[in-house]
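Q: I am new to this structure and would like a close look at a single part of it. Please go through that part step by step.

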Amino acid sequence: MSEAQSIIDTAFPNRHRAIISTEELAHGVYNPSYLILLQDNSRYVLKVAPPPDVRVLHYESFILEAEASTLRLIQERTTVPVPELIVYDENCDILDSPYLLMTYPPGVTLDKLRPLLSSSDLDAIDHTVGHYLRQVGNVASDRQCFGRGLSRAKMYVSWRECFMALTEAVLRDGEDMLVILPYEQLRQQFRQWAYTLDEVVQPRLSVLDFGDSSVLVDPETRTVTGLIGFERSGWFDPLLSVAFQRPSSAFIEGYGKDVLDTANKKCRSLLYSCYYSSVKIVGTYYQAGNVNEMEERKNLIRCLDALVSWMTE
């Protein structure tokens with residue numbers, strides 16, 4: 001509690017704001033997250049990076065910095081409702097790890113409400129989410145390059161080069177932990193279809209694992225109140241986001257159909273699904289989570305088979 005109070009005092013130096021309670025939030029798998037309630041009834045979320053000695057996937061290094069950077073961009077350049085970033089601190093003067101403090105956004109995550117909503121409610125929500133993600137995707141990269149949303153990240157001139165680096169990083173993560181995967185087949189298929197990535201020429205701000213848990217909804221009005229979870233963001237092909245794995249027609253209408261109007265969209269989607277399943281499988285060997293490893297392995301095999309079949313058509 002004393003460290004949390006020091007963080008609040010540092011964030012708001014002009015007046016003392018006493019903490020009433022702190023509560024750990026269940027969704028902080030990689031970055032432990034805490035809800036802080038102050039005496040004036042205002043609420044904030046504190047996210048803390050893991051200690052330096054904790055092994056993480058390559059694409060998970062410094063993801064708290066990526067979230068802070070993305071929140072700033074979205075606040076400055078869009079009308080998308082996101083938590084207000086109060087402070088991101090990596091000096092480690094108060095804690096042993098970097099931390100991020102932001103406002104606590106209202107609403108319930110869509111994954112909890114989806115079974116209770118009507119099809120018309122879901123269509124309206126999906127359309128709104130698609131519209132918001134298009135605003136996020138329209139944020140231009142200052143460096144006009146592809147890569148993770150970090151100032152320290154290596155950037156790439158082409159999407160092909162960037163995606164191949166992403167895939168190789170997660171495969172090496174798996175090899176380091178002796179995870180059983182069809183490494184040779186994955187590398188072969190990534191190389192085989194790498195040319196389809198060349199039709200992506202514009203880096204777009206997107207979030208890799210954006211899903212129902214990233215959407216906040218008012219349970220009374222059944223409208224979107226905000227978007228959260230920007231840790232794994234960067235300048236990618238928007239189709240790389242999980243949001244495009246099985247999008248509803250309402251979501252596509254809200255985002256804009258032009259993102260799907262490309263000759264090699266289906267092939268790229270299969271490559272991305274292979275990549276994402278590999279990330280989920282390998283990730284279970286680095287930290288605990290609610291990933292269904294067997295389902296991800298089945299999906300990986302299905303997508304690899306589809307790519308092989310694509311080659312023979």
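Which residues in α5 meet which residues in α6?

A: This is a predicted model. On the α5 side, the residues in contact with α6 are Phe163, Met164, Thr167, Glu168, Leu171, Arg172, Gly174 and Glu175. On the α6 side they are Tyr183, Leu186, Arg187, Phe190 and Arg191. Sorted by class, this contact of α5 with α6 holds six nonpolar, two polar and five charged residues.

Next comes the geometry. Two packed helices are described by the angle between their axes and the distance between the axes. Helix α6 covers residues 183-192, and its axis comes within 11 Å of that of α5, crossing at roughly 180°. Angles over 145 degrees count as roughly antiparallel, which makes α5 roughly antiparallel to α6.

Helix α5, residues 159-176, also packs against helix α8, residues 265-283. Here the angle is about 30° and the axes are 9 Å apart. Angles under 35 degrees count as roughly parallel, and α5 and α8 are therefore roughly parallel to each other. Their crossing is left-handed.

In this second contact, α5 contributes Trp159, Phe163, Leu166, Thr167, Val170, Asp173 and Gly174. From α8 come Leu271, Tyr272, Tyr275, Ser278, Val279 and Val282. The residues of the contact of α5 with α8 comprise nine nonpolar, three polar and one charged. Phe163, Thr167 and Gly174 of α5 take part in the contact with α6 and also in the contact with α8.

How values were computed: Residues are numbered from 1 along each chain as its sequence is written. This is a predicted model: local features need pLDDT of at least 70, side-chain atom pairs count only at pLDDT 80 or more; totals for chains, interfaces and linings use all residues. Side-chain values use heavy atoms; hydrogens and water are left out. Axes are lines fitted to C-alpha atoms, for helices over the stretch in contact, and angles run from 0 to 180 degrees between N-to-C directions. Helices (H or I, at least four residues) and strands (E, at least two) are DSSP runs, numbered from the N terminus. Angles under 35 degrees count as roughly parallel, over 145 as roughly antiparallel, 65 to 115 as roughly perpendicular and the rest as oblique. A crossing is left-handed if the near helix is turned anticlockwise from the far one by less than a right angle, and right-handed if clockwise. Contact means heavy atoms within 4.5 Å. Ala, Val, Leu, Ile, Met, Phe, Trp, Tyr, Cys and Pro count as nonpolar, Asp, Glu, Lys and Arg as charged, and the others, Gly among them, as polar.
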